[in-house]
Amino acid sequence: MSASFTIDGKAVPFAEGQTIIQAALAAGVYIPHLCHHPEFKPHGSCKLCTVRISGRQSASCTTLAQAGMAVESDTPALNDERRTLTQMLFVEGNHFCPSCEKSGNCKLQATAYDLGMMTAHFDHFFPSRPVDASHPDVLLDFNRCILCSLCVRASRDVDGKNAFALSGRGIKTHLIVNAKSGRLADTDVTLQDKAVRVCPVGVFLRKDRGFNVPIGRRVFDLKPVSAYVDATAALAKE
Amino acid sequence: MDTVVKKKLKVATTSLAGCFGCHMSFLDIDERLFDLLELIAFDRTPLTDIKELGECDIGIIEGGLCNAENVHVLREFRRQCKLLIAIGACAINGGLPAQRNQLSLALILEEVYHTSVGLANGLIPNDPELPLPLAKVRPLHEVVRIDYFIPGCPPSADAIWKALNDILAGHAPALGHGLIHYD
Ligand code: SF4
Ligand code: SF4
Ligand code: FES
């Protein structure tokens, strides 16, 4: 028999070396997450995946599963904290969903829906983050970046281009393009790059299409993010 | 036996820096309006054209704050209403009008009234009757306490109906999948 642990009382099997979230998603147990992606090494930055293990909270995407551990995840207290984190992400950037091409296919938005976020609650920063429209095929709208580093990891580890990086510290952290000019047009990034397709929110946008799936038929119109458990495959089709 | 005569709840609504889309969506509850009118009576609202705001149980506000008059009306609603509901994207996060927040107001006025095409010697309106624009568009909760929020651009009639029923039943509105929308 393979080793197992429990999440909210449900037995979850795991293989040696798997993180809690990897085992959970494989077993069909949803844990909210934004910076976790099944194809990439963990980054552990968004903290949406935080669970409680023996009274201590830790990010389930950076914690290895161990036999016999009792993990709490879907509790009102943890979901309250997750909603608060989500609200902070909304006010730190500029998220005007009605005019965002990613709306309906956005993990941040879908996660907020699932957590019942009716308002961003905090004062909005309304930061000034000019877009980068220099590239012929890809628009970068930094207003929506949640610093999950997925594009950074994808460009470095899959595309082998290392075209992006997170720069600065703390609240000043921001995404930069690794080119002398700082412009996307001066990189060798193409539409085919993994980096262009992995963003959970609406930063990387194809210029040749927009709003191509009508409201009601988009990924998270069909099912809430929790019902997908892992929405990667559904989003990859978009 | 005495029949209990239930007093109708007084409800006021207004649109600040909004497009009236939320009010239109509210009217989209169609014949359910009749059920609602069993429970509520309107005070100030563009639907009745009553201009003076009296003491109310519930105030429903569409639109964010883009000028001094918006702030004045919002504060008056807060003073007169026991419960305030922010309805729609603009009331909740500034919405479309807040997309001007990255630009300076001076630059915008300059562009709109002086330099844009077709405006020869345009003047920036300065009639004292006109409310002064705010430097940044703000959502309602950044200025007064808001009790409940109904997101959407606009929220669908069904979302508004569900939220109002929840609130009239005395609890916080909960919109499940399909009803909760930011777009
Ligand atoms: S990235 Fe997501 S949350 Fe942000 S504006 Fe777009 S749809 Fe809304
Ligand atoms: S651009 Fe997208 S993928 Fe890259 S760090 Fe920002 S949110 Fe993550
Ligand atoms: S998914 Fe674990 S910290 Fe983001």
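Modeller: The expected span of a helix is 1.5 Å times one less than its number of residues. Helices (H or I, at least four residues) and strands (E, at least two) are DSSP runs, numbered from the N terminus. This is a predicted model, in which local features need pLDDT of at least 70, side-chain atom pairs count only at pLDDT 80 or more, and totals for chains, interfaces and linings use all residues. Residues are numbered from 1 along each chain as its sequence is written, chains are lettered from A and ligands numbered from 1 in the order in which they are written, and side-chain values use heavy atoms, with hydrogens and water left out.

Colleague: How many Å apart are the end C-alpha atoms of helix α2 of chain A?

Modeller: Helix α2 of chain A covers residues 76–92, which is 17 residues. At 1.5 Å a residue it should span 24 Å, and the model agrees, because the end C-alpha atoms are apart by 24 Å.

Colleague: Against which elements of chain A do the buried residues of α2(A) pack?

Modeller: Buried means under 20% relative accessible area, with a 1.4 Å probe and protein chains only. The buried residues of α2(A) include A:L78, A:R82 and A:F90. In contacts (heavy atoms within 4.5 Å), the buried residues of α2(A) pack against β3 (50–53), β4 (56–59), β5 (70–72) and α3 (107–114).

Colleague: Which residues are the closest to ligand 2?

Modeller: The residues that surround ligand 2 number 13, each with a heavy atom within 4 Å of it. The closest are A:C145, A:C148, A:S149, A:C151 and A:C199.

Note on methods
Buried means under 20% relative accessible area, exposed over 50%, partly exposed in between (1.4 Å probe, protein chains only).
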